[in-house]
Amino acid sequence: MRLPIISIDSDPEIIRSGTTATLNINIDADYQMVCTLSGGVPLGTRIDHIPPPSINSYMQVTNNLTSGQVVTIQCEHSVYGFPVVGSDETRVDVIPSVQEILVLTNQFIKRKTTLLSVVFRLEFIGITVF
């Protein structure tokens with residue numbers, strides 16, 4: 001018995017915050033397998049691979065994502081009590097919204113302003129800051 005060949009990729013690979021991606025999954029195995037998806041998909045998402053044909057394609061939509069996620073697929077089949085396992089993973093990256101970028105920029109400016117204020121005060125009292 002050969003090992004399963006499993007692949008997963010995201011379409012698109014980069015999404016806007018709050019949207020979904022489509023996961024394209026290919027499983028090549030001559031035997032029945034139970035596959036579990038995790039990371040960025042509804043809890044308990046599962047695919048039952050039942051040949052023939054040995055190569056099957058499946059699609060799954062992610063949750064609405066607000067941060068990057070690694071989505072993993074793990075497939076198992078038991079042969080005479082020994083598990084045959086195959087897995088793959090893909091990453092879905094999320095572009096932050098304009099509001100998130102503004103918040104991060106404001107936090108950076110506040111920290112830089114605080115640092116400049118401290119440097120100015122130290123230099124004012126005669127301590128040299130490099």
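Q: Is the disulfide of C35 and C75 right-handed or left-handed?
A: Right-handed, because the torsion about its S-S bond is about 115°. A disulfide here is a pair of cysteine sulfur atoms within 2.5 Å. Just so you know, this is a predicted model, where local features need pLDDT of at least 70, side-chain atom pairs count only at pLDDT 80 or more, and totals for chains, interfaces and linings use all residues. Residues are numbered from 1 along each chain as its sequence is written, and side-chain values use heavy atoms, with hydrogens and water left out.

Q: OK, and which strands do C35 and C75 lie in?
A: C35 is in β4 and C75 in β7, so the pair ties together parts that are 40 residues apart in sequence. Strands are DSSP runs (E, at least two residues), numbered from the N terminus.

Q: How far apart are the sulfur atoms of C35 and C75?
A: They're 2.1 Å apart.

Q: Is C35 buried or exposed?
A: Buried, at 0% relative accessibility. Buried means under 20% relative accessible area, exposed over 50%, partly exposed in between (1.4 Å probe, protein chains only). C75 is buried at 0% too.

Q: Switching topic: how many residues are in the largest nonpolar core?
A: It has 22, and I73 is one of those with the most contacts inside it. Such a core is a set of buried Ala, Val, Leu, Ile, Met, Phe, Trp, Tyr and Cys residues joined through side-chain atoms within 4.5 Å.

Q: What is I73 in contact with?
A: Leaving aside neighbours within four places in sequence, its contacts (heavy atoms within 4.5 Å) include C35, L37 and I47.

Note on methods
Helices (H or I, at least four residues) and strands (E, at least two) are DSSP runs, numbered from the N terminus.
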